[in-house]
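Please keep the sequence and the structure in view while reading.

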Amino acid sequence: AGRFELQRDGETVGFASYSINGDPTSGEAVVIPHVETFPQHQGQGYASRLMEGLLPMIRSTGRTVTPLCPFAAGHIRSRPEHQDLVTPRG
C-alpha cells in the first residue's frame, strides 16, 4: 500500500492512498480507496489537482484505476479523458 501526496510550499495539503491489485502479466490496477485534503486546505481544488497529477502517472504505467473513493470515482466520471482508465468490471 502507498500514498500519493500533493504538496504546496513544502507542506502536504492532501493525499490519495492506493494499492496495486492484479497480475503484472494481465494488467494491474491501482486501487484508490481514499482521497483527502486536510481541513485547513479544503475548498481550494487540491483534491482535483491531486487526481489530475496521479491519473497521467497511472496511465503512463499502462495500469487501470479502481476508484473506491467516491471523490476519485466522481472526478474520473466527470472527465471523459480519464474514463478509459477505469478497471473494467468482469
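## Largest pocket

Pockets and cavities are found on a 1 Å grid over the protein atoms alone: a cavity is a set of points where a 1.4 Å probe fits but cannot get out, while a pocket is an open set with protein on both sides within 12 Å along at least five of seven lines, and its lining residues have an atom within 4 Å of a point. In this predicted model, the largest pocket is lined by Val65, Thr66, Pro67, Leu68, Ala73, Ile76, Arg77, Gln83, Val86, Thr87, Pro88 and Arg89. Two elements, β4 (64-67) and α2 (70-77), each give two or more residues to that lining. Helices (H or I, at least four residues) and strands (E, at least two) are DSSP runs, numbered from the N terminus.

The space in the largest pocket comes to about 210 Å³, where a volume is the space filled by probe spheres set on the grid points, which are joined across faces, edges and corners. Sorted by class, the lining has seven nonpolar, three polar and two charged residues. Here Ala, Val, Leu, Ile, Met, Phe, Trp, Tyr, Cys and Pro are nonpolar, Asp, Glu, Lys and Arg are charged, and the others, Gly among them, are polar.

## Basis of the values

Residues are numbered from 1 along each chain as its sequence is written, and side-chain values use heavy atoms, with hydrogens and water left out. Because the model is predicted, local features need pLDDT of at least 70 and side-chain atom pairs count only at pLDDT 80 or more, whereas totals for chains, interfaces and linings use all residues.

## Overall fold

The protein chain has two helices and four strands, in the order β-β-β-α-β-α from the N terminus. Its radius of gyration is 13 Å, close to the 12 Å that the globule rule gives for 90 residues, so the chain is as compact as a globular protein of that length. The radius is taken over C-alpha atoms, and the rule is 2.2 Å times the number of residues to the power 0.38.

Along the principal axes, the C-alpha trace spans about 40 × 25 × 20 Å. Of the 90 residues, 34% count as buried; buried means under 20% relative accessible area, exposed over 50%, and partly exposed in between (1.4 Å probe, protein chains only).

## Strand pairing

Two strands pair if DSSP finds at least two bridges between them. Strand β1 (residues 2-8) runs antiparallel to β2, joined by seven bridges, and Gly2 stands opposite Tyr18 in β2. These two strands form a hairpin with two residues between them. In the loop between β1 and β2 lies Asp9, whose phi is near 50°, a positive value in a residue other than glycine. Asp9 is exposed, with a relative accessible area of 74%.

Strand β2 (residues 11-21) also pairs with β3 (residues 29-37), in the antiparallel sense over seven bridges. Within β3, Val31 is the bridge partner of Ser19, and Val30 is that of Ile20. Strands β3 and β4 run parallel and are joined by four bridges; Val31 stands opposite Thr66 in β4.

## Crossover and helix α1

Strand β3, helix α1 (residues 46-60) and β4 make a right-handed β-α-β unit. A crossover is right-handed if, with the strands pointing away from the viewer, the path from the first strand over the helix to the second runs clockwise.

Helix α1 contains Met57, which is partly exposed, with a relative accessible area of 45%. From C-alpha to C-alpha, Met57 and Thr37 are 20 Å apart in space, and they are 20 residues apart in sequence.
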